[in-house]
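Subject: A structure for you to look at

Dear colleague,

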Amino acid sequence: MSSVQLRAVAQARSGDKGNTVDLSLFAPDKEWYEMFVEQVTAERVKQHFAGLVEGEVTRYEVPNVLALKFVCTSALNGGGSSSIRMDNLGKCFGSNLLRMEIKGRER
């Protein structure tokens, strides 16, 4: 197995509400989903977003759609009207998550 960026094999969606980011990672098939379950943990996602996500990251498994859902609290420097970040919306978190590398087969 070699390292592969999630963007080569997955899709992601994300959004925000207040100071919380909600993001989902979708696998193309069951084999990839199982690799995501094993390797894309809440701890790894928190580490991937170090400096941005100050609160907890909670992961939910959604096997019927081959997805993982992550809820990241204290992730937007207070939220849209409070933050001084240039782009403080959660929509950018999905594309950023796709930069994470995992061990996997080439697609």
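Lys30 has a relative accessibility of 53%, and because exposed means over 50%, Lys30 counts as exposed. Its side chain meets that of Glu34 in a salt bridge, with 3.8 Å from N to O, and Glu34, at 44% relative accessibility, counts as partly exposed. Since the two residues are four apart in helix α1, about one helical turn separates Lys30 from Glu34. Please bear in mind throughout that this is a predicted model.

The structure holds three salt bridges. Another of them joins Lys69 to Asp22, where the closest N and O atoms are 2.5 Å apart. Lys69 belongs to strand β5 and Asp22 to strand β3, so this pair ties together parts that lie 47 residues apart in sequence. Lys69 is partly exposed at 28% relative accessibility, and Asp22 is partly exposed with a relative accessible area of 29%. There is also a salt bridge between Glu61 and Arg59, whose closest N and O atoms are 2.8 Å apart; Glu61 is partly exposed at 45% relative accessibility, and Arg59 is partly exposed with a relative accessible area of 22%.

Turning to the overall layout, the chain contains three helices and six strands, which follow one another along the sequence in the pattern β-β-β-α-α-β-β-α-β. Four strands form an open sheet in the order β2-β3-β5-β4, and their pairing is antiparallel. At the edges of this sheet are β2 (11-17) and β4, each of which pairs on one side only, and from one strand to the next the twist averages 15°. Helix α1 packs on the sheet, where it touches β3, β4 and β5, and its direction makes about 155° with that of β4.

Within the sheet, β2 and β3 pair in the antiparallel sense over seven bridges, and Phe26 in β3 is the bridge partner of Gln11. Strand β3 is also the place of Ser24. Is Ser24 buried or exposed? With a relative accessible area of 14%, Ser24 is buried, because buried means under 20%. If residues up to four places away in sequence are not counted, Ser24 touches Gln11, Ala12, Arg13, Leu68 and Lys69.

The largest nonpolar core has 28 residues, and among these Leu6, Phe36 and Val40 touch the most other members. Two or more residues of this core come from each of β3 (20-26), α1 (30-39), α2 (42-48), β5 (67-72) and α3 (91-97), with the largest share, four residues, supplied by α1. Leaving aside its neighbours within four places in sequence, Leu6 is in contact with Leu25, Phe36, Val40, Leu97, Leu98, Met100 and Ile102.

Two loop residues also deserve a look. Leu66, in the loop between β4 (57-62) and β5, has a phi near 55°, which is a positive value in a residue other than glycine. Ser74, in the loop between β5 and α3, likewise has a positive phi, near 50°, and is not a glycine; at 31% relative accessibility, Ser74 counts as partly exposed.

Finally, here are some values for the chain as a whole. Of its 107 residues, 36% count as buried, and the chain exposes about 6100 Å², of which carbon and sulfur atoms supply 48%. Among contacts between residues at least 6 apart in sequence, 64% join residues at least 24 apart.

With best wishes

Terms used
Residues numbered from 1 in each chain as written. Predicted model: local features only at pLDDT ≥ 70, side-chain atom pairs only at ≥ 80, totals over all residues. Heavy atoms only, no water. Core = buried A, V, L, I, M, F, W, Y, C linked by side-chain atoms within 4.5 Å. Buried < 20%, exposed > 50% of the residue type's maximum accessible area, 1.4 Å probe, protein only. Contact = heavy atoms within 4.5 Å. Pairing = 2+ DSSP bridges. Axes fitted to C-alpha atoms, helices over the stretch in contact; angles between N-to-C directions. Areas by Shrake-Rupley, 256 points an atom, 1.4 Å probe, with all protein chains shown as cover. Salt bridge = Lys/Arg side-chain N within 4 Å of Asp/Glu carboxyl O.
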